Amino acid sequence: NGAIDWPRVKASGVDGVVIRAGYGDDVSQQDKRFAENIKGALAAGLKVAVYWFHYADSVPDMLREWECCRQIILPYRGQIEFVASDYEYDSYNYYCRAHGSAPTQELINQMVMAFRGAAKADGWKTAIYTNNDYRRNIFTPQTLSAFDIRWLAYYSGKSTVPCGMQQTGSTGHVPGISGNVDIDVAYESFGTA
């Protein structure tokens, strides 16, 4: 979305944002605007959470992803509401391309739980980003309930499934941000991790 006018975002009535910290298992994969975005959002008085997009193909690789994420977000400890694990279709498809076969449901759950476990051990509040397909067919109830927050992408009205936060659309417009943005509604107060 380019440079963001964070005071204008705050003035529009937005209370908080979830910012991508990065992806993958190397610190060079930090989102190129992460530092600029988190500093700007915090300075504007917005609540801030972060997510890490996964491309891990094993539990050790997922632990490397957490280590990269931790290094990037550590300077903002005490200012971040939660750290979200984001394993979705692109993560799955990347594994298929790299290995010539699909990851098992068991492996996906093990990897996501490894990220969550490492983040929790380091004292961070955790969230899992999911949609109804992954909620029903990929993530186990044990995995979903292990996270502090379930962040559900559901665009057809208010979710009937309990979640702490719901992504209600991906084509929203917010003053101060160019282009489409994901829109979310928080159903609970999170407190910083």
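Start with the sheet: seven strands form an open sheet of mixed pairing, ordered E1-E2-E3-E4-E5-E6-E7. Strands are DSSP runs of E with at least two residues, helices are runs of H or I with at least four, and both are numbered from the N terminus. Two strands pair if DSSP finds at least two bridges between them. This is a predicted model, in which local features need pLDDT of at least 70 and side-chain atom pairs pLDDT 80 or more, while totals for chains, interfaces and linings use all residues. Residues are numbered from 1 along each chain as its sequence is written, and side-chain values use heavy atoms, without hydrogens or water.

**E1 and E2.** Seven bridges join these parallel strands. Pick glycine 16; lysine 47 in E2 stands opposite.

**The largest pocket.** Its volume is about 1300 Å³. Select Val17, Val18, Ile19, Asp182 and Asp184, the closest to its centre of the 45 lining residues. Elements giving two or more residues to the lining include helix H1 (6-11), E1 and E7. The lining divides into 24 nonpolar, eight polar and 13 charged residues. A pocket is an open set of points on a 1 Å grid over the protein atoms alone, with protein on both sides within 12 Å along at least five of seven lines; a cavity is a set where a 1.4 Å probe fits but cannot get out; lining residues have an atom within 4 Å of a point.

**E4 and E5.** Move to 126-131 and 149-153. Five bridges join these parallel strands. Threonine 130 has leucine 152 in E5 as its bridge partner.

**The cavity.** Keep Thr130 and Leu152 selected. Both line the largest cavity, as do Arg135, Leu144, Arg150, Val161, Pro162 and Cys163. About 30 Å³ of space lies inside.

**Last stop.** From Val161, jump to methionine 113: 21 Å away, C-alpha to C-alpha, and 48 residues apart in sequence. Methionine 113 lies in helix H5 (residues 105-121).

Conventions. Points joined across faces, edges and corners; volume = space filled by probe spheres on them. Nonpolar A, V, L, I, M, F, W, Y, C, P; charged D, E, K, R; others polar.
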